[in-house]
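Please read the points below with the model open beside you.

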Amino acid sequence: MKEKQNNTPVPYQEIANPITDKTVKQNTNQLREKARHGRLDFWSEMSKNISWFEEWNTILDDSKAPFYRWFNDGKLNASFNCVDRHISGWRKNKAAIIFEGDRGDRRVLTYQDLYREVNQFADVLKKLGTKRGDVVTIYMPMLPEAVIAMLACARIGAPHSVVFGGFSPGALKDRIEDSNSKVLITADGGYRKGKVVPLKDNVDKALEGSNCQSIKNVVVVNRTGQDIHMEQDRDLWYSDLINDAALYCEPEVMDAEDPLFILYSSGTTGKPKGILHTTGGYMVGVHTTFKHIFDYQEQDVYWCTADIGWITGHSYIVYGPLANGATTVLFEGTPDFPAQNRFWSIIEKYGVSIFYTAPTAIRMFMRWGEEWLAGHDLSSLRILGSVGEPINPEVWMWYYKYIGGEKCPVMDTWWQTETGMILITPLPGDASFKPGSASRAFPGVDVDVVDEQGKPVKPGEQGYLVVNTPYPAMLRNLYKDPERYLSTYWQQYEGIYLAGDGAKKDEDGSIWCIGRIDDVINVSGHRLGTAEIESALVEHPAVAEAAVIGKKHELKGQAVSAFVTLKESHNGSDELVAELKKLVVSKIGALARPEDIYFTAELPKTRSGKIIRRLLRDIAEGKVIGDTTTLMDPDIINSIKDKYAAKAS
C-alpha cells in the first residue's frame, strides 16, 4: 500500500491489487491495449464473442445521430445466445440458475433445463397470439420463471417490459398503458421475510374497470398456493400452459437494431421514461463487460443480489452471465431473513466466487457487525463488485477487509439504465485500487467530467459526467417519445451524452462519482423521480403543494423527505403524516415512502415560480444555506429552517 494525497474529493489510501495471478494482469493490459488501437475496431472484435445468424456489415451508423445504430444488418437472437449455443457441449449439464427462495427452498436449472423451459414458454406465448414486436409485461418475484419469461419473449421477438415487483398497482398500470402490452406475466404472490407479497391482487387492481384494455391474457405462476381471483377467459395458470407446450420453438431471426426490451425509469417529470434497448449492441456490451470486469472463468459461481426489475438484474443476472455460459444465483428475499447472516450462508453453501451487491447492503452489514460473519467460510470469493450508487471509502474498506478478506479486488462500477452496460470501473488486473473511486472508463468507452460550457474540469473540480462517443449497449430511444430522448440526454452539449450525474477527476484521471444533478432520488440504488412522488402527495385533499428531495441516509444512500403546504382549514398532524405516507406507497410503492414529512406555510420559489429544491436539501442535510438571491421571498427559507430544526430536536 502507498499513501497518496491528490486533489480528490476525499483522502484515500491506495490499495495494491491482492491478485497475484500474472494472467489476470496480462488480460487486463491486453484489453486496454486493444481499445487504444481504435474504439470501433475494439467493438468489432468483441462482437465476435456472441453468435450471429448473419454477420453485420456496418459496425456503427451515425448518420442520424444521436439515434445511433450498431452492427447494421447483423442477425441474431438474444435467447439463442443465452441458451441454445451452450447445450451442444458439456455446458448442457452445467448449472445455469441456482435459485434460493425466501423460505430456504432451492432449485437448480441446468442449461438443458433452461433451454427446455424457455422453448416451452415461448411456444405458450405464441399460442396466446403474441407476435414479433408485441410488448409483454413481466411483474414477478425473483423466480426462475421470471428469467424464463424474459428469454421466451426474446426468443419470439416480443420486447419485454419488466416491472419491479415492489411497485404499486398504479405504477404497474401506468407502465402497461404506456407500452400497450398485450400479455402480463405474474405470480399468485411472492415471499418477503416469510410473508406473502400479493402480486396477483396488485395486478387485479391495476387492471380493474376500464384500465389497461390492451391486456388480453394474464399468465400466473403458482408460487405461494394462496387463494386468488382468476378472471375467466383472461387469467391462465403457467403450469397448465406449460404442460401442453411444444419442446421446441424456433428462435426469431432478429435484426441487431430490433428492440429487446423496454425498462421504465423515473425521470424529473411525473411520467416514467420507457428506456428502449435493442438486441445486437446490448448483447455485445453486456457479454463483454461481464466477462472482463468480473474476470469470469468457467468454474465461477456468480451472484448479483439485484432484482430483475432493474437494469442491473437485466444485464448482470440474466443476459450478461447467461451469454457467457455462467452459473448465476437468483435470490428471493432480504439479507436479514431468517437471520442477518443470510448472505454469508448462501456464499458458503454454493461456493460463490463473484459477488456483486449495492453499497446500501454493505452499509447494513457494517451496522449489524462482523459477528454475523463468524463461522462462515467465504474463502471461495475472489472478485467483489459494487453497483447502484457511489460507495463511500470507509464502506469500500470494510467490504474489502471483512467480506473479501483483503484478497478480493472491488469492482466499483458506474452505469445507468440508459447505458445498458457498465461504463466506468476498475479491472481485476489493475495495479491498485482507490476506495471510493469508480476508476476509469471501460475500454472502448470515452467518458469525461466537464463544466457548464462542456470543457473538461481541472483535477478536484466538480462537473458533469458525460459520454463523448457512442458505444454498443446504449439506449436507442425513449419509447414513443423521441423528443424527450433528445431533450433529456443530448440537448446540453452537442453530440455528447449528459449522464445527469456529478463527478470529479483526480490528477491521475480517476473518476469519483458524486450523485444526481437532477431531481431524481437514489434510494438503495433505485431511482425515483421527485415529480412522481410530489404528484402522489398532491392528490390528498388536504395538500396544496409539495416538494420532495433526497437527503443523505446512512443505509439507503438517500432517503425521501417531503415538504408540504396544506390548504386552508387543514392542519398538520401525525395522523395526516401517516395518511400521506400511505398514499405515496399506494401510488408508487414502498420504496418511495417519505421518511420525513414537514408542513410549511410556503415553499422556496424563484420569481418565476420554480421551487428551489437544493435549498430544502441544504436544510435537511444541515448544510450552510446556499444562494437565496433568486428567491421570491428570502425570509421563507429561514422560516422553514427554524421549523425543521424544531421538529428534528
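1. Some terms come before the first helix pair. An axis is a line fitted to C-alpha atoms, for helices over the stretch in contact, and an angle runs from 0 to 180 degrees between N-to-C directions. Helices (H or I, at least four residues) and strands (E, at least two) are DSSP runs, numbered from the N terminus. This is a predicted model, in which local features need pLDDT of at least 70 and side-chain atom pairs count only at pLDDT 80 or more, while totals for chains, interfaces and linings use all residues. Residues are numbered from 1 along each chain as its sequence is written, and side-chain values use heavy atoms, with hydrogens and water left out.

2. Helix H1 (residues 22-36) packs with helix H2 (residues 39-46) at an angle of about 125 degrees, and their axes are 6 Å apart. H1 and H2 are therefore oblique to each other; angles under 35 degrees count as roughly parallel, over 145 as roughly antiparallel, 65 to 115 as roughly perpendicular and the rest as oblique. Leu31, Lys34 and Ala35 of H1 make the contact with Arg39, Phe42, Glu45 and Met46 of H2, where contact means heavy atoms within 4.5 Å. By class, the contact of H1 with H2 has four nonpolar, no polar and three charged residues. Here Ala, Val, Leu, Ile, Met, Phe, Trp, Tyr, Cys and Pro count as nonpolar, Asp, Glu, Lys and Arg as charged, and the others, Gly among them, as polar.

3. Helix H12 (residues 359-368) and helix H13 (residues 393-403) have axes 10 Å apart and pack at an angle of about 70 degrees. That makes H12 roughly perpendicular to H13. H12 contributes Pro359, Ile362, Arg363, Phe365 and Met366 to the contact, and H13 contributes Glu394, Val395, Trp398 and Tyr399. The residues of this contact divide into seven nonpolar, no polar and two charged.

4. How many of the 17 residues of H4 are buried? The answer is 12, and H4 is mostly covered; buried means under 20% relative accessible area, exposed over 50% and partly exposed in between (1.4 Å probe, protein chains only). The buried residues include Tyr111, Leu114, Glu117, Phe121 and Asp123. Helix H4 (residues 111-127) reaches 24 Å from its first C-alpha to its last, close to the 24 Å expected at 1.5 Å a residue. The expected span is 1.5 Å times one less than the number of residues. Just after H4, glycine 129 has a positive phi of about 95 degrees.

5. Strand E6 (residues 95-100) has six of its six residues buried, so E6 is largely enclosed by the rest of the structure. E6 runs antiparallel to strand E7 (residues 106-110), and five bridges join them; two strands pair if DSSP finds at least two bridges between them. Phenylalanine 99 has arginine 107 in E7 as its bridge partner. The two strands form a hairpin with five residues between them, and glycine 104 in the turn has a positive phi of about 90 degrees. E6 also pairs with strand E19 (residues 327-331), in the parallel sense and over four bridges. There, isoleucine 98 stands opposite valine 329.

6. Strand E10 (residues 183-187) is largely enclosed by the rest of the structure, because five of its five residues are buried. Val183, Ile185 and Ala187 point one way from E10, while Leu184 and Thr186 point the other way. E10 runs parallel to strand E8 (residues 136-138), with three bridges, and threonine 137 stands opposite leucine 184. E10 also runs parallel to strand E13 (residues 217-221), with five bridges; isoleucine 185 has valine 219 as its bridge partner.

7. Leaving out residues up to four places away in sequence, aspartate 178 touches Tyr264, Lys271, Tyr479 and Lys480.

8. The last point is an open sheet of three strands, in the order E33-E34-E35, with mixed pairing. Strand E33 (543-553) and strand E35 (596-599) stand at the edges, each with a single partner strand, so one side of each has no neighbour in the sheet. From one strand to the next, the twist averages 25 degrees. Strand E34 (residues 557-566) runs parallel to E35, joined by four bridges, and alanine 562 stands opposite isoleucine 597. Helix H17 (residues 613-620) lies across E33 and E34, at about 55 degrees to E33.
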